[in-house]
Amino acid sequence: MEDSRKRIEAAVRALATDVLNKFEKKRKIDSVQELIILATYLNMQKLDEMRESIEGVLRAFQRLDALIDVVKS
């Protein structure tokens with residue numbers, strides 16, 4: 001499952017690169033498919049940010065757990 005997710009993300013990023021280049025050159029985005037690709041890419045970026053935030057919180061809890069063990073000793 002993880003391998004499939006990574007392959008799909010890579011494909012979306014590759015497609016999004018082409019559409020973003022077009023968008024940055026102020027050319028018209030002329031298909032719904034291109035808009036869907038951009039929306040999917042933005043959603044993936046937000047999910048990555050959320051995943052990183054959650055991992056940071058989990059690391060903080062792990063440090064707190066380790067601190068509690070030290071304080072108990």
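**Helices, charge pairs and core**

User: At what N to O distance do the side chains of Arg13 and Asp48 meet in a salt bridge?
Analyst: The model is a predicted one. In it, a salt bridge joins the side chains of Arg13 and Asp48, with an N to O distance of 2.9 Å.

User: How many residues apart in sequence are the parts that this pair ties together?
Analyst: Arg13 belongs to helix 1 (residues 2–24), while Asp48 belongs to helix 2. The pair therefore ties together parts whose separation in sequence is 35 residues.

User: How many salt bridges does the structure hold?
Analyst: Side chains of opposite charge can pair when their charged atoms come close. Glu2, Arg5 and Glu9 are linked in a network of such bridges. For the structure, the number of salt bridges is eight.

User: Is Asp30 buried or exposed?
Analyst: Lys22 has a relative accessible area of 13% and is buried. Glu34, at 15% relative accessibility, counts as buried. Asp30 has a relative accessible area of 56%, and the limit for exposure is over 50%. Asp30 is therefore exposed.

User: Leaving aside neighbours within four places in sequence, which residues is Lys22 in contact with?
Analyst: The contacts of Lys22 include its salt-bridge partners Asp30 and Glu34. With neighbours within four places in sequence left aside, the list is Arg27, Lys28, Ile29, Asp30 and Glu34.

User: Which element gives the largest share of the largest nonpolar core?
Analyst: This core has eight residues: Val12, Ala16, Val19, Ile29, Ile37, Leu38, Tyr41 and Met44. Two elements, helix 1 and helix 2, each give two or more residues to the core. The largest share is four residues, and it comes from helix 2.

User: Which residues does Val19 touch, not counting those up to four places away in sequence?
Analyst: Val19 is one of the residues in the largest nonpolar core. Not counting residues up to four places away in sequence, Val19 touches Ile29, Glu34, Ile37 and Leu38.

User: What covers the buried residues of helix 1?
Analyst: The buried residues of this helix are Glu9, Val12, Ala16, Val19 and Lys22. Their cover includes helix 2.

User: How far does helix 1 reach from its first C-alpha to its last?
Analyst: Helix 1 has 23 residues. At 1.5 Å a residue, the expected span is 33 Å, and the value for helix 1 is close to that, at 32 Å.

User: Which residue with a positive phi follows helix 1?
Analyst: The phi in question is near 60 degrees. The residue is Lys26.

User: Which residues form a nonpolar patch on the surface?
Analyst: One member is Leu67, which lies in helix 2 (residues 32–72). Leu67 counts as partly exposed, because its relative accessibility is 48%. Together the patch residues have about 600 Å² of accessible area, and they are Val57, Phe61, Leu64, Leu67, Val70 and Val71.

Key
Residues are numbered from 1 along each chain as its sequence is written. This is a predicted model: local features need pLDDT of at least 70, side-chain atom pairs count only at pLDDT 80 or more; totals for chains, interfaces and linings use all residues. Side-chain values use heavy atoms; hydrogens and water are left out. Patches are made of residues with over 30% relative accessible area and no salt bridge: like charges are joined within 9 Å, nonpolar side chains (Val, Leu, Ile, Met, Phe, Trp, Tyr) within 5 Å. Accessible areas come from the Shrake-Rupley method with a 1.4 Å probe; for residues, only the protein chains shown count as cover. A salt bridge is a side-chain nitrogen of Lys or Arg within 4 Å of a carboxyl oxygen of Asp or Glu. Buried means under 20% relative accessible area, exposed over 50%, partly exposed in between (1.4 Å probe, protein chains only). Contact means heavy atoms within 4.5 Å. A nonpolar core is a set of buried Ala, Val, Leu, Ile, Met, Phe, Trp, Tyr and Cys residues joined through side-chain atoms within 4.5 Å. The expected span of a helix is 1.5 Å times one less than its number of residues.
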